[in-house]
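Please look through the sequence and the model, then read the notes grouped by topic.

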Amino acid sequence: MSILTKLRCITLDVTGTLIAYKGELGDYYCMAAKAAGQQCPDYKRVHEGFKLAYTEMAKKHPCFGFAEKIPNILWWKTCVRNSFVQAGYEYDDETFEKIFRRIYATFGSSAPYSIFPDAIPFLRWLRERGVTVGLVSNAEYRYQDVILPALGLNQGSEWDFGIFSGLEGVEKPDPRIYEIALTKAGNVAPEEVLHIGDSLRKDYLPARSVGMHALLLDRFKTADAVDWRKSGATVLPDLIATKEWLTSENLKCSDL
């Protein structure tokens with residue numbers, strides 16, 4: 001009997017698991033500055049500046065400002081401005097407003113993202129077999145309402161429920177986000193749920209800590225996968241391999 005027959009629900013991370021960024025984030029920031037009539041900044045410096053600014057914002061105002069009820073656009077405006085400042089670029093308010101509006105609109109659309117070709121077939125295959133599909137992502141509301149539908153990932157056809165940190169006020173690696181997923185899946189037992197992600201810290205370990213099964217995808221052949229395997233995690237290259245693994249008659253849930 002295959003592992004799939006033992007599972008009532010499968011949850012998945014989104015970015016890095018179902019979708020990916022096209023190019024580098026710094027490219028989009030620099031194109032926005034250029035469109036506003038500014039000299040194109042150094043995209044590597046802007047990219048590094050963003051990582052610093054985002055980390056600071058996420059620490060000070062987690063879950064996109066959920067607890068403080070910070071408007072999503074204001075949270076991102078502060079983050080984007082600080083990204084440029086960290087990179088050594090400062091603009092007057094009028095210029096920055098033009099740059100920010102373009103960046104905010106771009107990342108609120110499907111433009112910067114691509115969907116892995118195995119994502120939709122895999123999700124539909126699960127739902128056709130009666131498996132409840134949930135998404136668990138550290139993302140704001142536009143993922144649910146705009147970005148995922150624009151990429152063809154629709155609630156009701158590709159997934160059943162979503163847990164997005166900006167809407168729930170809890171983010172990975174906090175195990176509570178997985179407990180919320182269990183509730184939304186219909187209060188299923190954790191041993192009947194498998195979580196699929198691409199981070200040992202944010203996906204595998206917290207999901208396992210609440211009793212769920214878990215596995216990791218190594219889509220980009222990262223060096224971290226060596227350590228993932230050493231830790232005992234099941235690591236697969238993509239969702240095609242995951243489908244084969246789930247339906248193998250030679251595995252059991254204890255192999256997770």
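In which helix is Cys63 found? Cys63 belongs to helix H3, which covers residues 62–65. The model is a predicted one.

**Backbone details**

- Cys63, in helix H3, has a phi near 55 degrees, which is a positive value in a residue other than glycine.
- The peptide bond that joins Lys172 and Pro173 is cis, and its omega is about 15 degrees.
- Pro173 sits in the loop that lies between helix H8 (165–168) and helix H9 (176–184).

**Helices H1 and H2**

- Two packed helices are described by the angle between their axes and the distance between the axes.
- For helix H1 (residues 25–35) and H2, the axes come within 8 Å and cross at roughly 110 degrees.
- An angle of 65 to 115 degrees counts as roughly perpendicular, and H1 and H2 are therefore roughly perpendicular to each other.
- The crossing in which H1 passes H2 is right-handed.
- On the H1 side, the contact is made by Leu25, Gly26, Asp27, Tyr29 and Cys30, and on the H2 side by Tyr43, Val46, His47 and Phe50.
- Sorted by class, this contact of H1 with H2 has six nonpolar residues, two polar and one charged.

**Helices H2 and H4**

- H2 also packs with helix H4 (residues 72–87), at an angle of about 135 degrees and with the axes 7 Å apart.
- That angle makes H2 oblique to H4.
- H2 passes H4 in a crossing that is right-handed.
- H2 contributes Arg45, Val46, Gly49, Phe50, Leu52, Ala53, Tyr54, Glu56, Met57 and Ala58 to the contact, while H4 contributes Trp75, Trp76, Thr78, Cys79, Asn82, Ser83, Phe84, Gln86 and Ala87.
- The contact of H2 with H4 is made up of twelve nonpolar, five polar and two charged residues.
- Val46 and Phe50 of H2 take part in the contact with H1 and also in the contact with H4.

**Helices H6 and H12**

- Helix H6 (residues 119–128) packs with helix H12 (residues 239–247) at an angle of about 25 degrees, and their axes are 9 Å apart.
- Angles under 35 degrees count as roughly parallel, and H6 and H12 are therefore roughly parallel to each other.
- Ala119, Phe122, Trp125 and Leu126 of H6 meet Leu239, Thr242, Lys243, Leu246 and Thr247 of H12 in this contact.
- By class, the contact of H6 with H12 has six nonpolar, two polar and one charged residues.

**The largest pocket**

- The volume of the largest pocket is about 1,400 Å³.
- This pocket is lined by 50 residues, and those closest to its centre are Thr15, Tyr21, Tyr54, Asn138 and Lys202.
- The lining of the largest pocket has 26 nonpolar, nine polar and 15 charged residues.
- Helix H2 (residues 43–60) gives the most to this lining, with six residues.
- Tyr54, one of the residues closest to the centre of the pocket, is also among the H2 residues in contact with H4.

Methods: Residues are numbered from 1 along each chain as its sequence is written. This is a predicted model: local features need pLDDT of at least 70, side-chain atom pairs count only at pLDDT 80 or more; totals for chains, interfaces and linings use all residues. Side-chain values use heavy atoms; hydrogens and water are left out. On a 1 Å grid over the protein atoms alone, a cavity is a set of points where a 1.4 Å probe fits but cannot get out, and a pocket is an open set with protein on both sides within 12 Å along at least five of seven lines; lining residues have an atom within 4 Å of a point. Grid points are joined across faces, edges and corners, and a volume is the space filled by probe spheres set on the points. Helices (H or I, at least four residues) and strands (E, at least two) are DSSP runs, numbered from the N terminus. Ala, Val, Leu, Ile, Met, Phe, Trp, Tyr, Cys and Pro count as nonpolar, Asp, Glu, Lys and Arg as charged, and the others, Gly among them, as polar. Axes are lines fitted to C-alpha atoms, for helices over the stretch in contact, and angles run from 0 to 180 degrees between N-to-C directions. Angles under 35 degrees count as roughly parallel, over 145 as roughly antiparallel, 65 to 115 as roughly perpendicular and the rest as oblique. A crossing is left-handed if the near helix is turned anticlockwise from the far one by less than a right angle, and right-handed if clockwise. Contact means heavy atoms within 4.5 Å.
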